[in-house]
Structure formats: structure tokens, C-alpha cells
Amino acid sequence: MSENTYDVLVIGGGIVGAGAALDAASRGMSVALVEARDWASGSSSRSSKLIHGGLRYLEQLDFRLVREALKERHLLLTRLAPHLVHPVPFLFPLKHRIWERFYIGAGMTLYDFLGGLRSVVPRHRYLNHRRALEEAPGLRPDALIGALQYFDGQTDDARMTLAVVRTAAAYGADVANRARATELLREGERVTGARVLDLESGQETTVRARQVISATGVWTDQILAMADIGGTPTMKPSKGVHLVVPREVIDLRSAMILRTETSVLFVIPWGQYWVIGTTDTRWSLDEDHPVASRADIDYLLDHVNTVLRRPLTRDDIEGVYAGLRPLISGDAANTAKLSREHLVATPAPGLVIVAGGKYTTYRIMAEDAVDMAVKDLDGVVPESVTERVPLLGAAGYEARWNGRRRLAARSGLSVLTVERLLRRYGSDVEEVLEPVAADPTLGQPLHGAPSYLRAEVVYAASHEQALHLEDVLTRRTHISIEERDRGLAAAPEAAALMATVLGWDDDTLRRETENYRLHVEAEIAAERQPDDVTAEVILHDVPEPSAFSGAAETSL
């Protein structure tokens with residue numbers, strides 16, 4: 001990167017930064033993308049895993065945001081990422097006769113209408129008490145008088161962000177994770193690039209660009225400080241916590257959404273698990289270390305247990321994760337009432353800030369940011385084409401899915417395993433399985449995490465820029481939230497497989513497994529603390545994974 005002057009430098013490797021890099025690269029621009037930690041390591045791997053319009057935004061009369069999000073849902077389901085985004089039915093239990101069915105039903109009718117006449121998801125329907133309990137046997141009969149069922153989309157948020165990054169690279173973007181922007185370069189008042197610290201080598205590099213796009217989410221105010229732009233904070237982060245429990249502990253045929261006193265609560269299928277979330281509380285501590293406390297876990301258990309026949313306990317919890325929503329600061333005291341619409345601004349010449357928004361509308365946010373950046377570039381730049389650019393793994397996915405039984409027979413894997421792989425890698429699945437022909441042991445399940453193959457760990461290190469054990473166990477896979485031990489049993493074998501690709505010596509192997517163990521133990525200890533302050537202190541002292549021993553804690 002130090003050898004070029006790019007049209008655009010994007011800082012931030014979450015879904016919006018990845019989308020901006022893809023948008024600019026697919027317009028024919030030269031692009032660099034840097035991320036301080038790992039792709040999607042912030043908010044973009046800690047969401048509710050939904051691609052949705054947002055029913056609750058209808059109640060806020062934010063019709064434009066809902067319509068925009070539902071259009072993006074359609075594109076992702078049908079063209080851009082059909083391997084990573086799938087329809088899922090949701091049940092909305094009704095507790096009041098007549099008025100609630102009319103009120104919520106009218107909202108869902110509008111939701112269906114805003115989704116478009118050619119929507120690929122079914123329209124909502126009413127279920128009486130008997131049919132609702134057939135759909136949700138795990139609910140208490142007195143918890144509902146009927147229900148409404150509607151459909152939305154679900155995704156693997158971390159893998160979709162990675163797919164956008166890799167697609168941007170396929171169109172010519174230079175991308176680097178574990179590369180932290182430490183300073184913005186200036187020529188007079190104009191921003192002309194950034195100083196970037198490679199956290200793997202400790203080497204600092206100058207990356208020059210005609211335009212810099214900051215897509216740093218909850219860290220946006222730190223970029224503004226680098227640009228000597230202070231004043232009122234732009235961001236008002238909100239913490240969302242999710243629990244992961246086994247499928248067998250809740251007897252449901254579809255996902256579920258419940259109203260709470262402040263927001264909504266989801267129970268969402270996630271492979272062999274349910275994801276339950278989320279909380280919505282203001283966060284004013286270190287943005288690098290959002291953490292679940294005992295109060296968060298108790299809140300979620302208390303609310304979901306109001307409708308379940310068999311109440312959940314802490315013993316049912318397999319995993320917990322916490323993330324921050326990058327909400328734009330506003331007058332609302334309650335973060336649940338802040339708009340999810342995004343902000344794009346040019347606070348200094350050569351610098352574009354994009355902030356706020358929601359995961360579903362990342363492509364629109366990215367397009368708006370690049371549109372603003374190109375206004376200040378010489379020459380004619382084509383309009384965005386990302387509405388028509390499938391992500392890696394999307395092209396040919398349906399044909400691969402139809403041939404999944406032949407692939408299973410050829411690879412020696414079960415059809416169920418091949419289906420899981422197709423939903424993770426799409427039409428790139430044969431690339432993942434290619435090393436198995438030379439080493440059949442790679443086709444075996446990973447010890448301690450049988451839902452994943454050993455080949456997937458190798459592929460994460462060889463093709464997906466996983467540089468540390470945490471990258472694999474937390475984002476390339478989701479072992480850290482799906483296994484009761486948070487992946488500790490899988491860690492040694494996963495690290496050994498990564499070592500064969502990355503050339504780790506014995507000391508590096510020990511350091512990687514030890515750092516991961518420390519991180520898991522700190523998270524579990526934090527979850528026993530009564531509040532955010534005491535929980536965050538525990539996690540704050542755990543070292544970030546980095547090959548460069550002198551690397552400071554990351555911030556962007």
C-alpha cells in the first residue's frame with residue numbers, strides 16, 4: 001500500500017467499510033481497505049444475524065428506512081448473497097383480543113406492501129390459539145390468544161462481511177486486517193491518507209489516497225479527533241447482548257418476536273441453536289470491550305421466560321456475545337428510540353464519514369459514502385453497480401445446491417454436512433474441500449466442535465485472512481458461542497491446523513492457545529459481574545491477539 005496513491009482509502013473493516021471498498025472497486029477506482037483487528041470483529045459479527053426491514057421502525061413512522069431495508073433484503077435473498085441469506089418465519093404472539101390483532105396486523109400488512117409485489121418471502125398470516133400452539137408447542141397456553149406469522153431474512157453476519165471484503169479484493173482492492181490507522185495525513189486542510197501500523201510486524205506505513213472514507217462505526221469520534229474535529233460526540237453507542245441455547249430446550253417451529261417495555265426480543269434459529277436477544281442499553285465505557293454482565297443475562301432470561309412452558313436457566317446457555325450498535329447521537333434519552341438512519345458527511349476536505357445505519361442497509365450506506373467521495377475527484381466515475389454484483393460464492397450457488405448429493409457422494413461427506421458447507425461458502429465449497437483429496441483427515445470433524453470440518457480451519461488461514469486462533473473460532477466459524485466450553489477443547493487442534501498454513505513455531509502455538517483461553521475465562525468471569533463497569537474491567541486487561549508484541553490496544 002505504501003507504493004501507491006489510491007483513489008480511496010477506507011478505514012474500518014466492518015460491513016459498511018467492506019461495502020464501501022467493494023462499491024469503489026467495482027466502479028473501477030483504486031482502493032485500499034484497512035482494519036485494526038479482524039474483519040467484522042466489532043459490531044458486524046455481534047448482531048442479531050437478521051436481514052430485515054425492522055417492524056419496530058414502522059411504529060416510529062420511519063417508512064423510508066423500512067422500504068429501503070426491505071429492498072436490500074430482496075436483493076440479498078435473490079441475487080447478491082443467496083448462499084448467506086435465507087428466509088425465516090417469525091411468530092408474533094398476541095395477548096389482547098381485537099385491537100392488537102388489528103393494530104399489529106395493519107403494521108404487518110404495510111410491511112408486506114413495502115416489501116414489494118415480487119417479494120420472495122410469504123406474506124403474513126393470522127394463527128388462532130390452537131394453530132399458534134401447534135407452531136410453538138413450547139409456549140405457555142396462557143401466554144397468547146393467537147399469533148401473527150411473518151417472514152424475514154437471516155444471515156451469518158461475520159461471514160457475509162468477509163464475503164464482501166473478498167469480493168472487493170477480487171475486483172482489485174488491496175485489503176489488510178490487523179492494520180490500524182494511527183494518524184491522518186494532511187496537506188494544509190486536506191486529508192491525504194493515513195499512517196497505518198501493521199500489528200503483525202510492528203511496521204508503520206504511509207498510505208496515501210485522494211479520498212479517505214471512515215467507516216469505523218462506534219469509533220467514528222476517534223477519527224474525527226484525528227482530524228482535529230471535536231465538539232459534541234457523533235455516536236451514542238447502544239449495547240446489545242445475545243444468548244445462545246440448544247434447539248432442544250425451546251420447542252418452536254419458527255422464530256419468535258416479543259415486545260418488551262423498551263424494545264423487542266427475538267428468539268431466532270441458528271443451526272442447532274437458538275439466539276435470544278437483544279438488550280438495548282446505553283454504553284459509555286471502552287468501545288473495544290463491550291461485554292455482557294449478569295444483569296444483561298438475567299434481563300433476557302426473565303423476558304423470554306414469561307412465555308415459555310419450560311423456563312430457561314443459566315445452565316441452558318451455550319454462549320453469550322455482546323456488541324455495540326453505532327447509533328447517531330440525538331435528543332432521545334433512550335437509545336432504543338434513536339433512528340437507525342445513517343449519516344454521511346465531509347467534516348474536512350478529503351475525508352468522508354459514514355456512520356449509523358443498520359446491517360441490512362450496508363450497501364446503501366457504502367454507495368452514499370462513495371458518491372460523496374467521488375464528488376471531489378477529478379474525472380468521471382461510473383455510478384454504483386453493487387446492486388448487480390453478486391458476492392463470492394453466490395454465482396452458481398443454486399446449481400451447486402441442486403447437485404449437493406453428488407458432491408456428498410464424491411467427497412465422502414454426508415448430505416447434511418454438504419448443505420451446511422454450501423450455506424457457509426456457496427459455490428466456493430469445492431475450493432474448501434480440495435485439500436481433502438490429498439489429506440482425507442481434513443474431511444473429519446474438528447475435535448471439540450463436530451459441526452465444523454478440519455478443512456474449514458485450513459481454508460480460513462489459507463484463503464480467508466485468518467491470522468489468529470480467535471479469528472477462526474469466533475468469526476470464520478462460530479465455535480466460541482456454539483460450544484459450551486466456548487471452544488477451549490477445539491482450540492489446540494485448530495491452532496495446529498493453522499500452524500501448518502501460517503508457519504507458526506511451538507512458541508506461537510502456545511501463545512495463541514493461551515491467549516484464547518485467557519479471553520474465554522475473562523468473558524465468563526465478566527458475565528458473573530453485576531453491571532457493565534465491573535464486567536468491563538475484567539475484559540479490559542486481556543491482551544489483543546497480535547504477532548507484534550509491542551502493539552498497543554487497537555481502537556479503530
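For the residue classes used below, I count Ala, Val, Leu, Ile, Met, Phe, Trp, Tyr, Cys and Pro as nonpolar, Asp, Glu, Lys and Arg as charged, and the others, Gly among them, as polar. The model I examined is predicted.

**Entry 1: the second largest pocket**

I looked up the volume of the second largest pocket and found about 720 Å³. I then asked which residues lie nearest its centre. Of the 26 residues in the lining, these are Gln 154, Trp 270, Gly 271, Arg 420 and Arg 423. By class I recorded eight nonpolar, nine polar and nine charged residues in this lining. At least two lining residues come from each of β4 (85–94), β6 (146–155), β13, α12 (415–425) and β20 (449–453). The helix α12 contributes the most, with five residues.

**Entry 2**

Next I looked up the neighbouring strands. β12 (residues 255–259) runs antiparallel to β13 and is joined to it by four bridges. In this pairing, Met 256 has Val 267 as its bridge partner. Four residues lie between β12 and β13, and the two strands form a hairpin. On β14 (residues 273–277) I found five bridges to β13, again with an antiparallel course. Trp 270 stands opposite Tyr 273 of β14. The hairpin of β13 and β14 has two residues between the strands, and Gly 271 there takes a positive phi near 60°.

**Entry 3: His 478**

Is His 478 buried or exposed? I find that His 478 counts as buried because its relative accessibility is 4%, where the cut-off is under 20%. Its place is the loop between α15 (469–476) and α16 (479–482). Beyond neighbours within four places in sequence, I listed contacts of His 478 with Lys 49, Asp 156, Asp 157, Ala 158, Trp 270, Tyr 452 and Leu 473.

**Entry 4: the nonpolar cores**

In the largest nonpolar core I noted 46 residues, of which Met 160 and Ile 213 touch the most other members. Two or more residues come from each of β1 (5–11), α1 (15–26), β2 (31–34), α3 (63–80), α6 (157–170), β18 (351–356) and α9 (362–374). The largest share, eight residues, belongs to α1. For Met 160, leaving aside neighbours within four places in sequence, I recorded contacts that include Ile 15, Ile 51, Leu 76, Tyr 359 and Leu 391. Apart from this core I found another, of 39 residues, with Leu 413, Ala 495, Met 498 and Val 520 among them.

**Entry 5: backbone exceptions**

Most residues other than glycine have a negative phi, and most peptide bonds are trans. I therefore searched for departures from this rule. Ala 40 has a positive phi of about 65° and sits in the loop between β2 and β3 (50–51). Leu 61 likewise has a positive phi, near 65°, in the loop between α2 (55–59) and α3. I noted that Ala 40 is buried, at a relative accessible area of 1%, whereas Leu 61 counts as exposed at 60% relative accessibility. The bond between Gly 277 and Thr 278 is a cis peptide bond with omega about 20°. I placed Thr 278 in the loop between β14 and β15 (281–282).

Conventions. Residues numbered from 1 in each chain as written. Predicted model: local features only at pLDDT ≥ 70, side-chain atom pairs only at ≥ 80, totals over all residues. Heavy atoms only, no water. Pairing = 2+ DSSP bridges. 1 Å grid on protein atoms, 1.4 Å probe; cavity = no way out; pocket = protein on both sides within 12 Å on 5 of 7 lines; lining within 4 Å. Points joined across faces, edges and corners; volume = space filled by probe spheres on them. Core = buried A, V, L, I, M, F, W, Y, C linked by side-chain atoms within 4.5 Å. Buried < 20%, exposed > 50% of the residue type's maximum accessible area, 1.4 Å probe, protein only. Contact = heavy atoms within 4.5 Å.
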